[in-house]
Amino acid sequence: MLLHLSTWPEVEAYLAQSKGIIFPIGSTEQHGPTGLIGTDAICAETIAKGVGEEVKALVGPTINVGMALHHTAFPGSLSLRPSTLIALIQDYLKPLARYGFTRFFFINGHGGNVATLKAAFSETYAALSDLNLPQAEQVRCRVANWYMASGVYQIAKELYGNQEGSHATPSEVALTQFAYPDHIKQAPLEPPIAPAGHPIYGAANFRQHYPDGRMGSNPALATPEHGQRLYEAAVKELSQEYLRFLAEE
C-alpha cells in the first residue's frame with residue numbers, strides 16, 4: 001500500500017489496523033562510471049515496496065536526496081545539509097504522529113544518511129513531546145540499512161569477495177540492474193578494483209582520492225540475476241525486522 005496512491009479514508013482505515021509506516025530513504029549522488037546517480041534511492045525504494053507488500057504495511061514517498069555533501073564534486077550529485085535533512089524528517093513525522101502513527105521504519109540505502117537520521121530521531125522525539133501529543137511517548141523510529149542485512153552481506157561476500165568495496169559496489173549496482181534492466185550502463189573501469197582506505201573529508205578531497213567515484217569496488221561484476229538474489233534476501237530479513245519493530249513495547 002503506497003501512501004501517494006491511497007486516499008485519506010484508506011489511510012484512516014489502515015490506522016485502525018496498524019500504526020506503522022515505512023519510508024525509503026536514499027541519495028542522489030554519483031556511483032562511479034557505471035552506477036546510476038539514483039542508486040541509493042532506487043535500492044531503498046525497491047526493497048521498501050517489497051517489504052510493504054510482504055507485511056501489508058503502508059509505504060511513504062521515497063526521500064530521494066540525502067546527506068551527500070562529499071560527493072558534490074561529481075556532476076549530477078545533489079545533497080541536503082544535515083540540518084535540512086533533520087528538519088525534513090521532523091516535518092514528515094509530525095503530522096503523521098498527530099494522525100496516530102507511532103512506528104516509523106526507514107529503509108536506508110546511503111551510509112551518509114545514518115548519523116543525520118539518528119540525530120533527526122532524537123530531535124523529533126523532543127519536538128513531539130513539546131507539542132504535548134497524547135501518543136508522543138509511544139513514537140519510535142528505526143533505521144534499517146538494507147546493505148547491512150546479514151543475508152545481503154553473505155551473498156555479496158560469496159559473489160564479490162574483496163571486490164565489493166564500500167561505494168558504487170557491485171551489490172547495489174546489481175540491485176539497480178534488477179530494478180531497471182533497461183538502464184544498465186557500461187564503461188571502462190581503470191583500475192578494475194578502485195582504491196580504498198582514504199578518510200572522507202570534503203568533496204574535492206574525496207574526488208582527489210577516488211577520481212572515478214568508486215571506493216574499493218568492482219561494479220563490473222554486477223548482474224541483474226545477482227540483484228534479484230540480493231533483493232529477495234533484503235526483503236525477507238527487513239520484513240522480519242519490521243514486524244519485530246511493530247511488536248516492541
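Ile22 touches Ala48, Val51, Gly52, Ala57, Leu58, Val59, Gly60, Phe105, Ile107 and Tyr242, leaving out residues up to four places away in sequence. Touching, or contact, means heavy atoms within 4.5 Å. This is a predicted model, in which local features need pLDDT of at least 70, side-chain atom pairs count only at pLDDT 80 or more, and totals for chains, interfaces and linings use all residues. Residues are numbered from 1 along each chain as its sequence is written, and side-chain values use heavy atoms, without hydrogens and water.

**Nonpolar core**
- Ile22 is among the residues with the most contacts inside the largest nonpolar core, along with Ile47, Phe101, Phe104 and Phe106.
- That core has 57 residues, and α8 gives the largest share, 8 residues.
- A nonpolar core is a set of buried Ala, Val, Leu, Ile, Met, Phe, Trp, Tyr and Cys residues joined through side-chain atoms within 4.5 Å.
- Buried means under 20% relative accessible area, exposed over 50%, and partly exposed in between (1.4 Å probe, protein chains only).

**Helix α2 against α8**
- The axes of α2 (residues 39-55) and α8 come within 9 Å and cross at roughly 55 degrees.
- That makes α2 oblique to α8; angles under 35 degrees count as roughly parallel, over 145 as roughly antiparallel, 65 to 115 as roughly perpendicular and the rest as oblique.
- Thr46, Ile47, Gly50, Val51, Glu54 and Val55 in α2 meet Tyr231, Ala234, Val235, Leu238, Ser239, Tyr242 and Leu243 in α8.
- The residues of this contact divide into 9 nonpolar, 3 polar and 1 charged.

**Helix α5 against α8**
- The axes of α5 (residues 150-160) and α8 (residues 224-247) come within 8 Å and cross at roughly 160 degrees.
- α5 is therefore roughly antiparallel to α8.
- Among the α5 residues that meet α8 are Val152, Ile155 and Leu159; the α8 side includes Leu230, Ala233 and Ala234.
- This contact divides into 8 nonpolar, 3 polar and 3 charged residues.

**Two buried loop residues**
- His167 lies in the loop between α5 and α6 (170-179).
- His167 is buried, with a relative accessible area of 6%.
- Beyond its neighbours within four places in sequence, His167 is in contact with residues including Glu29, His31, His71, Glu172 and Arg214.
- Thr102 sits in the loop between α3 (82-99) and β3 (103-108), and counts as buried at 11% relative accessibility.
- Thr102 and Gly20 are 82 residues apart in sequence, yet 6.3 Å apart in space, C-alpha to C-alpha.

Key:
Axes fitted to C-alpha atoms, helices over the stretch in contact; angles between N-to-C directions. Helix = DSSP H or I, 4+ residues; strand = E, 2+ residues; numbered from the N terminus. Nonpolar A, V, L, I, M, F, W, Y, C, P; charged D, E, K, R; others polar.
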